[in-house]
Amino acid sequence: MTIQADQETIIVEAFINGQNVKSLSQVAKENPTNPTEIVGYFPVTTKEQAVEAIEAAAGAFKTWKQTPIDERIMMMRKAIEKIRAAENEIVHLLSREHGKPLYDAHGEIYVSLMWMEFACNEAKSALQEEIKEHENGKTILSYDPIGVVAAISPWNYPIALSTIKIAPALLAGNTIVLKPSPYAPLAAAKVAEIIASEFPAGVINVVHGDADVGVELTSNPLVTKIAFTGGTATAKHIIKAASETIKDMTLELGGNDAAIFLESFDVHDERAMRRIVISNFLTAGQICMIAKRVYVHRSIYDEFVEKYIKAANRWIRIGDPFDSNTTVGPVNNLKQKNYVLGLVEDAQKRGAKVIPLGQILDQKLFDQGYYLQPTLVLGCDVHDPIVVEEQFGPTVPILPFDDEEQVINLHNESIYGLTSSVWGKEEDAISVARQLEAGTTMINTAAVQGLDVRFPFGGVKQSGIGREYGVEGIRTYTEKHVINVPKTQDLPYIPE
Ligand code: NAD
């Protein structure tokens, strides 16, 4: 379990077969608002320990898969209550290790619990076997557990993107080995251990580290399903590692989500302007489904930019994540900060105009942490890196377009297709939305503001394979097993 060493420092160990497993080396996790402050320590799990975790999950699977669904649901509901009771503590830890403001960290728990509740409510009917009597006899379709799930999560929403996997995987009768990201391992480990405390030993195991441990999880023959959220480049390694033993996979990957503002969009709608600003800068832009490029019809472009800057300067307040005035915190890590900065500088060199947005509430803090002032980038070419690549940070290009066909093409040219949004008169927007290649398209809102955990979420093209959330997000952790009892066992075309 996580050990509260003192008020300030959390020490996390690997959690295998219901127990903490000591590691020889620990890594310090810094606070992104003040990189000299250590929030906690997490271990580097060895290959041997990763194998031990997988074997523990494989051992526990034998009995867990036979545990009645009502018992599984009851355990998950108890875990939900425990998370709810510990919410403030979790939120503070998440905010300190990640850099997201407190309201945003609460939002992450809110979405996580909403999903876990939905999964508990729906699991029984989603997993109920179906028996069909038909003209040629009877068919039984059952939703059987797959086995050991390797769940690998990223740093941007470490709790939501771990529980999105843990809840349905366990409810469906699988066991799990979770590996959170080394950039935000502490709060996710804490939540996983809270859940684990309600389940038999070995059903949930937690290991730590980066690619080395990830390779073991994605290539070990005992692992039968990989549930991965992270970058597209990492997914390509995972597909290769898993190919030897042909594993089932759900891959939730990167995106370059476009927001399209049609001629019929009302630029005087201040709530809508606030929504697009939030859709660009929530969690300092570090969300897979954030709007990362904005296309505005040329007839409203100038006025849109003017109103956008006004709305952004009102909403964006960059500061201490623990200050209730703060809406935007630091970037999570130095690598990401430098990457985003590089894209903005590159755009500037290519002749783009970069406009700083929002107010800095505490300049000293800003200078010491991994802060980046949010920026609006104007005058880019449609193929500039800042437009076609996933920035995953607090910057956004706004570009004009002339007609719907052009903007639909620009949207669909991308190698990605996670989410998108269309803004304007509802019927116009829906008509454009139908032509976009994306897993989700939102109308007059974007990013998490338009997320609905009751429906499947995932990407097309290089944004992923499979879906999480919704009933599909539960059944994705099952094998569909068909038992056929045909009346006519002899086929007429096979000669005697
Ligand atoms: P990442 O791919 O660098 O890391 C994700 C996880 O994979 C981490 O736990 C990491 O340790 C692990 N990992 C790294 N190399 C591995 C390997 N070879 N084998 C197995 N595991 C390995 O991603 P990140 O930087 O943590 O997250 C940002 C990315 O995640 C962005 O591209 C973002 O769009 C994407 N993301 C997608 C969604 C979605 O739902 N589609 C949600 C959130 C984030």
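This is a predicted model: local features need pLDDT of at least 70, side-chain atom pairs count only at pLDDT 80 or more; totals for chains, interfaces and linings use all residues.
Trainee: How are two packed helices described?

Mentor: Two packed helices are described by the angle between their axes and the distance between the axes. Helix α4 covers residues 102-127 and helix α5 covers residues 160-171. Their axes lie 9 Å apart, at an angle of about 15°. That makes α4 roughly parallel to α5.

Trainee: What is the handedness of the crossing of α4 and α5, and which residues make the contact?

Mentor: The crossing is right-handed. On the α4 side, the contact uses Glu108, Ser112, Trp115, Met116, Ala119, Cys120, Ala123 and Leu127. From α5 come Ala160, Thr163, Ile164, Ala167, Pro168 and Leu171. By class, that contact has 11 nonpolar, two polar and one charged residues.

Trainee: At what angle do α2 and α4 cross?

Mentor: Roughly 170°, and the axes come within 10 Å. Helix α2 is residues 69-85. Angles over 145 degrees count as roughly antiparallel, so α2 is roughly antiparallel to α4.

Trainee: Which residues of α2 and α4 meet?

Mentor: α2 brings Ile69, Asp70, Ile73, Met76, Arg77, Ile80, Ile83 and Arg84. The α4 partners include Ile109, Leu113, Met116, Glu117 and Cys120. Among the others from α4 are Asn121, Ala123, Lys124 and Leu127.

Trainee: How are α9 and α10 oriented to each other, roughly parallel or roughly perpendicular?

Mentor: Check the angle. Helix α9 (residues 270-281) and helix α10 (residues 301-315) pack at about 70°, with axes 9 Å apart. The range from 65 to 115 degrees counts as roughly perpendicular, so α9 and α10 are roughly perpendicular to each other. Their crossing is right-handed.

Trainee: Which residues of α9 and α10 meet?

Mentor: From α9, take Glu270, Met273, Arg274, Ile276, Val277, Ile278, Asn280 and Phe281. They meet Phe304, Lys307, Tyr308, Ala311, Ala312, Arg314 and Trp315 of α10. By class, the contact has 10 nonpolar, one polar and four charged residues.

Trainee: On to open space. What is the volume of the largest pocket?

Mentor: A pocket is an open set of points. The largest pocket has a volume of about 1,100 Å³. It is lined by 36 residues, and the closest to its centre are Trp155, Phe228, Gly230, Gly231 and Thr234.

Trainee: Which elements give two or more residues to that lining?

Mentor: They are α7 (211-219), β12 (223-229), α8 (232-243) and α11 (334-349). Of these, α8 gives the most, with six residues. By class, the pocket lining has 17 nonpolar, 14 polar and five charged residues.

Trainee: How many cavities of 30 Å³ or more does the structure hold?

Mentor: One. In a cavity the probe fits but cannot get out.

Trainee: Which residues line the largest cavity?

Mentor: Asn256, Asp257, Ala258, Arg293, His411, Tyr416, Gly417, Leu418, Thr419 and Glu437. The lining divides into three nonpolar, four polar and three charged residues.

Trainee: Last, a single residue. Where is Pro356 found?

Mentor: In strand β17, residues 353-356. Set aside its neighbours within four places in sequence, and Pro356 is in contact with Asn313, Gln373, Pro374 and Thr375.

Trainee: What separates the C-alpha atoms of Pro356 and Val377?

Mentor: A distance of 8.9 Å, with the two residues 21 apart along the chain.

Methods:
Residues are numbered from 1 along each chain as its sequence is written. Side-chain values use heavy atoms; hydrogens and water are left out. On a 1 Å grid over the protein atoms alone, a cavity is a set of points where a 1.4 Å probe fits but cannot get out, and a pocket is an open set with protein on both sides within 12 Å along at least five of seven lines; lining residues have an atom within 4 Å of a point. Grid points are joined across faces, edges and corners, and a volume is the space filled by probe spheres set on the points. Ala, Val, Leu, Ile, Met, Phe, Trp, Tyr, Cys and Pro count as nonpolar, Asp, Glu, Lys and Arg as charged, and the others, Gly among them, as polar. Axes are lines fitted to C-alpha atoms, for helices over the stretch in contact, and angles run from 0 to 180 degrees between N-to-C directions. Helices (H or I, at least four residues) and strands (E, at least two) are DSSP runs, numbered from the N terminus. Angles under 35 degrees count as roughly parallel, over 145 as roughly antiparallel, 65 to 115 as roughly perpendicular and the rest as oblique. A crossing is left-handed if the near helix is turned anticlockwise from the far one by less than a right angle, and right-handed if clockwise. Contact means heavy atoms within 4.5 Å.
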